[in-house]
Amino acid sequence: MRCGTGQDPGGDRNDNPGNEGAVLSALLEDSVEDLYENAPCGYLTTLLDGSIARINGTLLTWLGFTREELVGRRRFTDLLTIGGKLYHETHFAPLLQMQGEIGGVALELAAADGTRLPVLVSSVVKTGTDGQPLLIRTTVFDARDRRAYERELLRAREDADRDTARLRRLATTLQRTLLPSKLQSVPGLDIAAHYRIASHDMVGGDFYDVFPLSDGRWGFFLGDVCGKGSTAAALTSLARYTMRSAAIYDPDPVSVLGNLNTVMNQEYRSDDPRFCTVIFGVLMVEDASCLITFASGGHPPALLLRADGTAEYRFTPGGQLVGILPNAHFTATSVRLVPGDTMLLYTDGLTEGRPTNGRERYGEEALEAFAVDLAPASAQETVDAMSELLDTFGDGLDDDIALLAFSVSTSEPPS
């Protein structure tokens, strides 16, 4: 059962609509004034000559001034640092006058205690009904957090740049250890080499070398390992020293590549096998010629530039990638160079590069045509011409490129 007092349940309501509207109006007026004074940004109104006519409490708090110290006594430019005043006079004020508004300008205000307050300033010119300018309204945003963030980004960028520089020095140093500092001089032969780095931030996997064997013979190799960086560097080092060591006991090219294949299979037994392409060969200078016997493990064919002006590839059929299969098959072939002949070895970065403004890779046919136009040429002339060709590729080189060329010297053969 509900008990009542006999009073009208609606008796506590305010039935005076006029009084309710007056309260709402007062609340709105108070809210607008409070919003201006305590807004999360600074508000400033100045006359056309820059004299401060009104300023909100937020900006006064940031700067540490009283309203009496600024209103009617100071100009907006008096609140700026020296650099800010110069920028205001040369850029801010002229643009505001021409456009009627300007926004997001970074300036610094000078606080009462001498400290600097980084801010973002936006101003708009208020005009009368006749279109004539009356005053300037300015909004000021505290940019201290943003400035601190920018400085932190700058420090991070500087740290990153230093790390990148250190990485490049490390990569360059490591790359040099994987290449001969100077090619061996082989009596009766002209030898030239070139290495083109695709990225200074990453160690490449191309390598080459020429070294002495017994009985007046010389060994050589040029290859390319899979991958980049430290893993490629480790694989390159393994390939180089394995072939040099194997050649001491048995310099037969097929045997050397077989030894390298065995070592790589044993070293990289995992779900991520490592491999390389390589040509290994033996040089034998005889009178005014040079007999070159070499085998290829999945490597691009050698390119012969003949004294009669022709050029052709010398293939080694059946040469498989080194390191993939436990019993990879390799075959050897021989070629004799006479005065005027040159043999060029190269890594696939050359034929897979894209000439400037081209989408297609350079390719074997274009390289052969280039060699035909170049022949006859010495080893150095050939490498120089190939280097100039690579210069025309611009950003079209995605991989490192190694070049190694041999030609019979035009001087008297060794006795």
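**Entry 1: two loop aspartates**

I started with Asp215 and found it in the loop between strand 7 and strand 8. Helices here are DSSP runs of H or I with at least four residues, strands are runs of E with at least two, and both are numbered from the N terminus. I am working on a predicted model, where local features need pLDDT of at least 70, side-chain atom pairs count only at pLDDT 80 or more, and totals for chains, interfaces and linings use all residues. Residues are numbered from 1 along each chain as its sequence is written, and side-chain values use heavy atoms, with hydrogens and water left out.

I then looked up Asp287, in the loop between strand 9 and strand 10 (289–297). Its phi is also positive, near 55°, and this residue is not glycine either. Asp287 counts as exposed because its relative accessible area is 67%.

**Entry 2: the whole chain**

I stepped back for the totals. The protein chain has 10 helices and 15 strands. Of its 415 residues, 41% are buried. I also checked contacts (heavy atoms within 4.5 Å): among those between residues at least 6 apart in sequence, 62% join residues at least 24 apart.

In what order do the strands of the open sheet run? I read 2-1-5-4-3, with antiparallel pairing; two strands pair if DSSP finds at least two bridges between them. Strand 2 (52–55) and strand 3 (101–110) are the edge strands, each pairing on one side only. The twist from one strand to the next averages 25°; axes are lines fitted to C-alpha atoms, for helices over the stretch in contact, and angles run from 0 to 180 degrees between N-to-C directions.

I followed the pairs along. Strand 3 and strand 4 are antiparallel over eight bridges, and Ala110 stands opposite Arg116 in strand 4. These two strands form a hairpin with five residues between them, and Gly114 in the turn has a positive phi of about 90°.

Strand 4 (residues 116–127) goes on to pair with strand 5 (residues 133–142), antiparallel over nine bridges. In strand 5, Thr139 is the bridge partner of Ser122, and Leu135 is that of Lys126. This hairpin also has five residues between the strands, with Gly131 at a positive phi near 85°.

Helix 4 (residues 82–99) lies across strand 3, strand 4 and strand 5, at about 160° to strand 3. I found Leu80 in the loop between helix 3 (67–70) and helix 4. Leu80 counts as buried because its relative accessibility is 3%. Leaving out residues up to four places away in sequence, Leu80 touches Lys85, His88, Leu107, Glu108 and Leu109. Leu80 and Leu109 are 29 residues apart in sequence, yet their C-alpha atoms are 4.5 Å apart.

**Entry 3: the nonpolar cores**

A nonpolar core is a set of buried Ala, Val, Leu, Ile, Met, Phe, Trp, Tyr and Cys residues joined through side-chain atoms within 4.5 Å. The largest one has 26 residues, of which Met243, Leu260, Val278 and Phe280 touch the most other members. Strand 7 (206–212), strand 8 (218–225), helix 6 (229–249), helix 7 (253–267) and strand 9 (276–286) each give two or more residues to this core. Helix 6 has the largest share, seven residues.

I listed the partners of Phe280, again without residues up to four places away: they include Phe211, Phe220, Phe221, Met243, Val256, Leu257 and Phe294. A second, separate core has 24 residues, including Val186, Leu222, Leu283 and Ala302.

Which residues of helix 9 are buried? I noted Gly363, Leu367 and Ala371. Among the elements covering the buried residues are strand 14 (342–346) and helix 10 (379–391).

My last stop was the loop between helix 9 and helix 10, which holds Pro376. A cis peptide bond joins Ala375 and Pro376, with omega about -5°.

Key:
Buried < 20%, exposed > 50% of the residue type's maximum accessible area, 1.4 Å probe, protein only.
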